Amino acid sequence: MPLPRIVPSALWLVLQLTAGPCRKGPVSASRASEVCDRGKVTASPCCAIPGGTKVTLSCQLAAPRRWCWAAIFLNSSEQIRAQGGSVSKTFLVTAHGRHNFTCRCICGDRRKLICGIDIQCGSPPDKPRNVSCIQKGTRGHPTCTWHKGRLTYLHTAYGIELSNGTDVFSFPEETPGQVFGSGALSSLDFDSNYTVVVSASNQLGNASSQPLTFMLIDIVKPHPPEFSVEFDDSSATSCTIQRHRGAQAQHCRLRYRPLGRHGWSTVESPSREKHHLQGLEPDTAHEFQLSCRMLPGRGLWSDWSSSQGSTPAAVPTGTLDVWYRQQELDSGHQNLSLFWKALSRSEAGGTILGYTVTLEALEQGKLRAQSHRTTQTSFSRVTPRAAHRVTVTAHNARGSSSPAALLTHLGSPDLPPPQRVSAVGLGNSSILVSWSPPAAGAVPLGGYLVEWAEPWREPRLQPQHGWVKLPPSLLSTVIAEHIRDNVCYQIHVSALYQDRAGQAASVRGNSTAQAPSAGPQMFTTPWASGVLVSWEEIPAPQQRGCITGYHIYLLRKDGQAQPQLHAVPAGKAPRWLHLAHLEPGEPHELWMTAATAAGEGPRGNSDSVCLESAGGWLTLVLVGSFFVLSACLCSVPPARRVFLSLLLPQWQSKAIPDPANATWAKSLAAAKAELSAPFSPFLPGGFEEPETSPVEETPAHAEPPKPGDKPVVGSGMHGDRARESSEEQQQLPELYQRLVAEAMEPDGAPGAVIPPAEYISSPGSLAPEPEPAPEPSALSVFPSAFLPPALCCQGSLTLDRVKLSGSSFPR
């Protein structure tokens, strides 16, 4: 049970149990009282009132007490109290609905219910409107419905009065509701005229609807008709609608659409049971709906009945729109790219399975006719550099379309392009492209070709190439195919001369633009008296439109308030700028931003630059030049001798004596006959040039030799000869020691130091003594730095390749 009905019932039960027997007092349209055993309650006016009415309530106790109070409560909330046996108060009632007034006796903490009364606040009924009557089928019962209007908050009775001109019949409301009402009528005949009026009444007033006049045939609504759809394979764009027998409706309407679309195509069908429908899309699933009524112009339309079916495929009827591009690869070859627009659904005749492209060179011997199959709407092939005849056809399961033919021509630089090409964004994914006619040429103008594509986009993400051909009378067009907002497009406009495209004029454009979301990546390089600033292109997703320019900011770090701004227009300008005349020694900070038509984006990376002073640069240049000149001079032997003679002491520039004329050399020659030990490396026949020994390179990471270690000058020999050569090389330091010892004897120049020789004769020409040479004197004259632990070069080692450094001798 609804809550509004539960609360009054509960209050009534409480009154019955606590107040004792009650009876109605005098009741009038303006005053009512409720009399109980312990007292009575009077309301004026009562008991149904409109909103905004003042109601006076009075409470009178049957047995008043001095120490008790009489009080009036509204919906269990105390409003007023007074000592004695009575109390009265006037209330302004504005809220619609039921209001419960009670009278109570209050004695200390005890409250006793004396009596109560209910007052309903509501509205008179509105006129019922939108009255309609309907009979479903020819054998049903008519039913009338209406709209009640606003809620009255009072009990309101509705009824239907039916008149046929002679008698009047009344029918009550069957299914009460707050908004709509309905009631059934008795059986009607098809010959009479009927009038229906709906009336409403409550305690505050009465209302009636406008009369509705009709005949039975006008309110009959037939049942949804039954029908079927028949397709013929010979015609892919038509079908036959067949209505089943037994339907009483004489006039029908048909609507249909491809399955999944929103718009309908409607056809008023004649009264016959069959209807031949044309204009369907081939190879497409369609939805058909049929509705009927009793007579043309009379009666109610039935609900729609629905059926679905698919049309068969048909041979394509359209011709492809084809264009091409040529890119020269070398003097004899070119890359020929073809692209075309897909046929519409009505032209395709069904699902297009693929395309056939035929290429034929117009010059004999270049390329014979070749056919290629593809499922894409583009085709590219390397061909001889010549004009070609191209045909492209589309095919489905039923056949092929008419071939689209064109002739490709080599580039014609003498055909001028259109002038003053511009692009203006219109929003809503569209761009307005305008131009002026080209300069007058020798070939008649046949029209214009407008092409557009997204630059810097990956080929696999590139949408279908967009282009449109226009007659020569049009000098502007709105492009909207494959256009996205906040994306920059490269647009080319070419003039067509006898199906040949002349030179193209290019412009960039976007539908809408936003400020870039990132700044350019900048690089700085000191250059001359300034800095060379270069930058990379912002990634396409972060450009958010066509870049109109770049801003380079240069700020001195010496407290300068505002940075210097250098603006660089975008487009064909190189992505670098030289900022000259920077003060040396002053630190500068640089950063860059990019801008579109919508505004400037955030700054990219920043860099600090500080040019060296003029003195520091001069010193650096002089020192660098000196080292470069020194390296060049030392690489040429004659120049090296002259250069060293200028740098070394004068005694080092004297002539180097031949070691063979020294006293120690003569002593060795006299004693060579005594050397007959078989183990001696210098045998009588050993004065010839010894065999060379390969030397391995010392690794770069080898550690320096420790004091006392014997230096190793060669390794990697094979066989006995390798071991002998290794022993000879190991005895070289002993030979040097003996040479020094002889130089210190009185036969030579006492106390003198032997000047360094540029080379020493081969070890085969010297016969060392069998006994070891004194080590102290040798080590005192030839420091360890004179003999390296290993040679740093590949190849053969002979004594005449050993150099004696003059810096090793004490002065």
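## Cores, a buried alanine and confidence

Student: Which residues have the most contacts inside the largest nonpolar core?
Tutor: This is a predicted model. Its largest nonpolar core has 25 residues. Those with the most contacts inside this core are Ala43, Val55, Leu57, Leu61, Phe101, Ile117 and Ile119.

Student: Which strand supplies the largest share of this core?
Tutor: Several strands each supply at least two residues of the core, among them strand 2 (32–36), strand 5 (53–61) and strand 9 (97–107). Strand 10 (110–122) is also one of them. The largest share is five residues, and the strand that gives it is strand 10.

Student: How many residues are in the second core?
Tutor: This second core is separate. It includes Tyr324, Trp340, Tyr355 and Val357. Its residue count is 22.

Student: Is Ala71 buried or exposed?
Tutor: Ala71 lies in strand 6 (residues 69–74). Its relative accessible area is 0%. Buried means under 20%. Therefore Ala71 is buried.

Student: What distance separates the C-alpha atoms of Ala71 and Ser88?
Tutor: Along the chain, Ala71 and Ser88 are 17 residues apart.

Student: Why is Leu426 called partly exposed?
Tutor: Leu426 sits in the loop between strand 34 (419–425) and strand 35 (431–436). Buried means under 20% relative accessible area and exposed means over 50%, with partly exposed in between. Leu426 falls in between because its relative accessible area is 46%.

Student: What accessible area do Val424, Leu426 and Val478 have together?
Tutor: Val424, Leu426 and Val478 form a nonpolar patch on the surface. Together their accessible area is about 250 Å².

Student: Which element has the highest mean pLDDT?
Tutor: The protein's mean pLDDT is 75, and 69% of its residues reach 70 or more. Among the elements, helix 10 (residues 775–781) has the lowest mean, 36. The highest mean, 95, belongs to strand 35.

Student: What share of the protein's residues count as buried?
Tutor: The protein has ten helices and 50 strands. Its residues number 811. The share that counts as buried is 37%.

Definitions and conventions. Residues are numbered from 1 along each chain as its sequence is written. This is a predicted model: local features need pLDDT of at least 70, side-chain atom pairs count only at pLDDT 80 or more; totals for chains, interfaces and linings use all residues. Side-chain values use heavy atoms; hydrogens and water are left out. Helices (H or I, at least four residues) and strands (E, at least two) are DSSP runs, numbered from the N terminus. Buried means under 20% relative accessible area, exposed over 50%, partly exposed in between (1.4 Å probe, protein chains only). Patches are made of residues with over 30% relative accessible area and no salt bridge: like charges are joined within 9 Å, nonpolar side chains (Val, Leu, Ile, Met, Phe, Trp, Tyr) within 5 Å. Accessible areas come from the Shrake-Rupley method with a 1.4 Å probe; for residues, only the protein chains shown count as cover. A salt bridge is a side-chain nitrogen of Lys or Arg within 4 Å of a carboxyl oxygen of Asp or Glu. A nonpolar core is a set of buried Ala, Val, Leu, Ile, Met, Phe, Trp, Tyr and Cys residues joined through side-chain atoms within 4.5 Å. pLDDT is the predictor's confidence in each residue, from 0 to 100.
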